[in-house]
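I opened this model to look up a few things and write them down as I went. These are my notes, in the order I took them.

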Amino acid sequence: METTRRTFLKALSASSLAAAMSGAPRAFGNEEVVHPKATADCCILLWMAGGMAAPETFDPKGYRPFEKGLPIDKILSTFPAIDTTLDGVKIGQGLEEIAKLMDRATLIRSHVQPDLGSILHSRHQYHWHTGYVPPQTVAAPHIGAWMGRVLGPRNPVMPAFVNIGQRLEGIGESEELKAFTTAGFFGAEFGPFNLPYPDEAARSVRPPEGMDAGRFTNRYQLYRKLVDANPQRDFMSDHQQESMLRSLENAHRLLGSKEKEAFDLTRESKATLDSYGPGRFGRGCLLARRMAEAGARFIEVTTEYVPFLHWDTHENGHETVAKLKQEIDRPIARLIRDLEERRMLDRTLVIIASEFSRDMMIEGVPGSEAKDQARVKSDTLENMTHYGLHRHFTGGSSVVMFGGGMKKGHVHGATADERPLVAVKDPVTITDLHATLFTAMGISPKTVYDIEKRPFYATEDGKGKPVMSLFGA
């Protein structure tokens with residue numbers, strides 16, 4: 001696996017260099033793109049980083065409680081199913097608050113990912129966030145960057161793309177995460193405004209303590225000169241250099257605006273703070289609501305990807321997922337209710353998704369030659385460490401969507417009731433899911449730019465087809 005990872009990093013570095021040297025992206029050739037009428041103005045992605053197991057959450061299967069000596073091939077889910085407000089539809093225990101809102105949701109139970117050979121989280125997260133399987137010869141933009149570039153800002157003062165909850169330094173696979181948390185060839189001005197700690201977001205939009213406005217402005221002007229004199233300038237295109245300077249100008253404008261108050265969670269009441277909970281993900285959901293209110297175009301809130309933590313359950317899966325459900329259930333439900341109460345949900349598309357699902361036995365898809373990455377291997381349950389879904393599974397996962405023109409109380413697709421739990425009805429690929437999200441936001445899946453004299457599309461090769469049956473009347 002380490003050799004594969006090194007190869008991946010080397011290829012990513014090459015694509016990043018190519019992006020830095022590329023010129024301004026332009027509409028390709030004479031292709032005329034007609035954009036659809038938008039059903040949403042803002043998109044919030046709630047990212048369950050690390051592989052959220054669908055049978056444990058939004059697609060429960062045959063539940064078996066822990067029993068010492070029980071063969072693992074008997075276990076499909078380690079949580080019982082609970083009723084929801086949508087007749088006949090159940091989800092996994094521990095998501096009781098979200099269960100109360102499923103009559104407002106569109107639930108896709110047939111999302112599928114390709115088997116990329118070596119199943120690295122970084123490769124699959126890159127694919128999901130950009131629509132392209134890495135490595136690419138150019139740096140592919142994140143879907144949030146596409147929305148900012150094509151649609152422009154909802155509020156010219158606010159960052160179009162805000163990324164909440166993910167550290168990009170000091171954790172494993174940080175370089176791989178940086179590879180897709182970017183605007184790629186669009187340039188720095190369309191990249192994410194990163195806020196790894198929601199409670200500290202206000203610090204990111206105010207000058208350091210003890211620095212007055214005049215001194216800060218002088219420092220900003222000096223920094224512009226330093227950027228312009230960067231010895232790397234000869235390796236950067238004028239477009240990339242100008243985009244970097246525009247990103248600095250945008251940040252400087254934000255720091256002098258009233259909109260910076262949106263970053264300050266202390267302006268919320270204690271009751272509101274308590275309703276979202278004290279965790280980083282909960283506070284991230286609250287911050288996302290404030291970003292949406294202030295005019296951000298795309299906001300991602302993540303449970304954070306760190307190898308072998310959170311949803312990356314290679315051992316002790318049941319107990320880990322039980323804790324994660326406590327972290328996400330109330331905040332997600334509160335976010336949906338808040339948007340609904342503020343009459344924002346109809347024009348805000350909220351998505352719950354992950355890079356793939358998990359299974360007790362199968363790595364990848366049936367027949368895959370991918371290496372088994374479970375840390376605990378046993379044919380029977382001997383202790384609680386064994387109890388959980390510890391293999392990556394790409395044959396069928398779940399996506400939940402609220403608002404943004406999607407149907408209410410709708411279930412799309414299905415997976416098999418017995419292992420292998422592959423999608424057996426109306427599968428939805430990443431390409432077509434992206435086409436659906438772009439269509440909701442008023443962007444044609446065929447949107448194309450000229451990069452290094454070749455076309456680069458919003459969905460891979462422009463072939464994404466929106467799943468129109470997911471949209472409401």
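**Entry 1**

The model is a predicted one.

How much space lies in the largest cavity? I noted about 80 Å³. Its lining has 13 residues. Asn163, Gln166, Phe180, Thr181 and Glu300 are the ones nearest the centre of the largest cavity. I then looked up which elements contribute: helix 3, helix 5 (174–180) and strand 8 each give at least two residues to this lining. Sorted by class, the lining of the largest cavity has five nonpolar, seven polar and one charged residues.

I went on to the second largest cavity, with a volume of about 50 Å³. Its lining consists of Ile72, Met360, Val376, Lys377, Ser378, His386, His390 and Arg391. By class I wrote down three nonpolar, three polar and two charged residues for the second largest cavity.

I looked for an example of each sense here.

For the parallel sense I took strand 2 with strand 9 (residues 348–353), a pair with six bridges. Trp47 has Ala353 in strand 9 as its bridge partner. Strand 2 also pairs with strand 8 in the parallel sense, over five bridges. There, Leu46 stands opposite Val301 of strand 8.

For the antiparallel sense I took strand 5 (residues 105–111) and strand 12 (residues 397–402), which five bridges join. His111 of this pairing faces Ser397 in strand 12.

**Entry 1: strand 2 from both sides**

Is strand 2 buried or exposed? Six of its six residues are buried, so strand 2 is largely enclosed by the rest of the structure. Buried here means under 20% relative accessible area.

I then checked the directions of the side chains. In a regular strand, side chains alternate between the two faces of the sheet. In strand 2, Cys42, Ile44 and Leu46 point one way, while Cys43, Leu45 and Trp47 point the other way. All of these residues are buried.

**Entry 2: helices**

Two packed helices are described by the angle between their axes and the distance between the axes. For helix 3 and helix 11 the angle is about 35° and the axes are 9 Å apart. From helix 3, His127, Trp128, His129 and Thr130 meet Ile430, Leu433, His434 and Leu437 of helix 11. The residues of this contact divide into four nonpolar, four polar and no charged.

**Entry 3: backbone details**

Last, I went through the loops. A cis peptide bond joins Pro134 and Pro135, with omega about -5°. Pro135 lies in the loop between helix 3 (121–130) and helix 4 (143–151). Another cis peptide bond joins Arg419 and Pro420, where omega is about 5°. Pro420 is in the loop between strand 14 (414–415) and strand 15 (423–425).

Which residue in the loop between strand 8 and helix 10 (317–341) did I note? I noted Asn316, which has a positive phi of about 50° although it is not a glycine. Asn316 is partly exposed, at 24% relative accessible area.

Asp426 is not a glycine either, and has a positive phi of about 50°. Asp426 sits in the loop between strand 15 and helix 11 (430–440). With a relative accessibility of 39%, Asp426 counts as partly exposed.

Notes: Residues are numbered from 1 along each chain as its sequence is written. This is a predicted model: local features need pLDDT of at least 70, side-chain atom pairs count only at pLDDT 80 or more; totals for chains, interfaces and linings use all residues. Side-chain values use heavy atoms; hydrogens and water are left out. Two strands pair if DSSP finds at least two bridges between them. Helices (H or I, at least four residues) and strands (E, at least two) are DSSP runs, numbered from the N terminus. Buried means under 20% relative accessible area, exposed over 50%, partly exposed in between (1.4 Å probe, protein chains only). On a 1 Å grid over the protein atoms alone, a cavity is a set of points where a 1.4 Å probe fits but cannot get out, and a pocket is an open set with protein on both sides within 12 Å along at least five of seven lines; lining residues have an atom within 4 Å of a point. Grid points are joined across faces, edges and corners, and a volume is the space filled by probe spheres set on the points. Ala, Val, Leu, Ile, Met, Phe, Trp, Tyr, Cys and Pro count as nonpolar, Asp, Glu, Lys and Arg as charged, and the others, Gly among them, as polar. Axes are lines fitted to C-alpha atoms, for helices over the stretch in contact, and angles run from 0 to 180 degrees between N-to-C directions. Contact means heavy atoms within 4.5 Å.
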